[in-house]
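This report goes through a protein model step by step. Have the sequence and the structure open while reading.

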Amino acid sequence: MAKSQYENQTACTLVGLANLSHERSRLRVLGADRVAFLHGQCTNDITRLGAGESCYAAFLNAKGKMRGEGHVVCLDGAFLLETSLELQSSLEKFIVTEDVTIEDVSPTLGEWLVVGQDSVGAASPPRPDRVTFAHPLGIGVLGAPPGPVTISPEDLEILRIEAGVPLWGADMDENTIPNEAGLEARAISYDKGCYIGQETIARIKTYGHVNRRLVQLALAGTDLPGRGTKIFAEGREAGHVTSAVRSTRLGKVVALGYVRREFAMTGTKLTLNNGTAEVSRICGE
């Protein structure tokens, strides 16, 4: 069997295209109150965005837990949101008298991810039928595909876990505070005005920590732990696995999972499934 593009190249040099059209939603936000509305819904400062600029943000409930996440792209007269699935209905519940309309443009607007060292060049030159945004694995593209798809969903999953990038529905859900998932630097502005869930986020900043953190684990052995597999430290339950893959490039099983903050340090030795693991990265750092 021929090797995949992922197996033939390392993650730092691989340049390829993945299709995210079915895994994510694309929403167009229109109306005179769109800026104030979205600003009050998300954790980042969207008021600073000019046309063509974007930022990543989380959308929280009143307790500071996530309703969803995604990239907010500013256009002339509208915002384009690249988001986790099913966020639209959650946003629309907060529209009362505001002049805001949210359209699902997913069926007609594709989403692609250009991965690799030369991803900026691979997504160029700019075209009127494409909008781009920064992504932890490269460059996101909304609109016409910039080339043929060369990265399979399986290979993309390996790449994102190797890079310590959390995925909605796997490593993040409605029980996650964004700081726990390592999203603080990417998604949170502490200088913006009020938004839903801000009180919890401000309290975390004041006290300086959350009770658990998402970490990357390097496992000894070949067994692939399932989601929810318990992690132990010093004979005590310390957390659980959220995602795991066999990395051909690294030659080992790599996982993401939450551990209590006292164990969220690089080099910490842990156990799971009668095997051993080591914290290799704190996600978001």
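Helices (H or I, at least four residues) and strands (E, at least two) are DSSP runs, numbered from the N terminus. Asn-44 is found in the loop that connects helix H2 (34-39) and S3. The model is predicted: local features need pLDDT of at least 70 and side-chain atom pairs count only at pLDDT 80 or more, while totals for chains, interfaces and linings use all residues. Residues are numbered from 1 along each chain as its sequence is written, and side-chain values use heavy atoms, with hydrogens and water left out.

Is Asn-44 buried or exposed? Buried means under 20% relative accessible area, exposed over 50%, and partly exposed in between (1.4 Å probe, protein chains only). With a relative accessibility of 6%, Asn-44 is buried. A polar atom of its side chain lies 3.3 Å from the backbone oxygen of Arg-186.

The strand S3 belongs to an open sheet of 5 strands in the order S3-S4-S5-S2-S6, paired antiparallel. Two strands pair if DSSP finds at least two bridges between them. Strand S3 (54-60) and strand S6 (101-104) are at the edges; each has a single partner strand, so one side of each has no neighbour in the sheet. Inside the sheet, S4 (residues 66-75) and S5 (residues 78-83) run antiparallel and are joined by 6 bridges. Val-73 has Leu-80 of S5 as its bridge partner.

Helix H5 (residues 153-162) is mostly covered, with 7 of its 10 residues buried. Among them are Leu-156, Ile-158 and Leu-159, as well as the residues Asp-155 and Arg-160. After H5 comes Gly-164, which has a positive phi near 70°.

How many disulfides does the structure hold? A disulfide is counted when two cysteine sulfur atoms are within 2.5 Å. The structure has 0 disulfides. For Cys-74, the nearest cysteine sulfur is that of Cys-55, 9.6 Å away. Cys-74 is buried at 10% relative accessibility, and Cys-283 is buried at 0%.

The last topic is charges and rings. A charge sits over a ring if NZ of Lys or CZ of Arg is within 6 Å of the ring centre and within 35 degrees of the ring normal. Two such cases are listed below.

| Charged residue | Ring | Distance to ring centre |
|---|---|---|
| Lys-205 | Tyr-190 | 5.2 Å |
| Arg-212 | Tyr-258 | 4.0 Å |

Conventions:
Polar contact = N/O pair within 3.5 Å; in protein donor to acceptor, adjacent residues only side chain to side chain.
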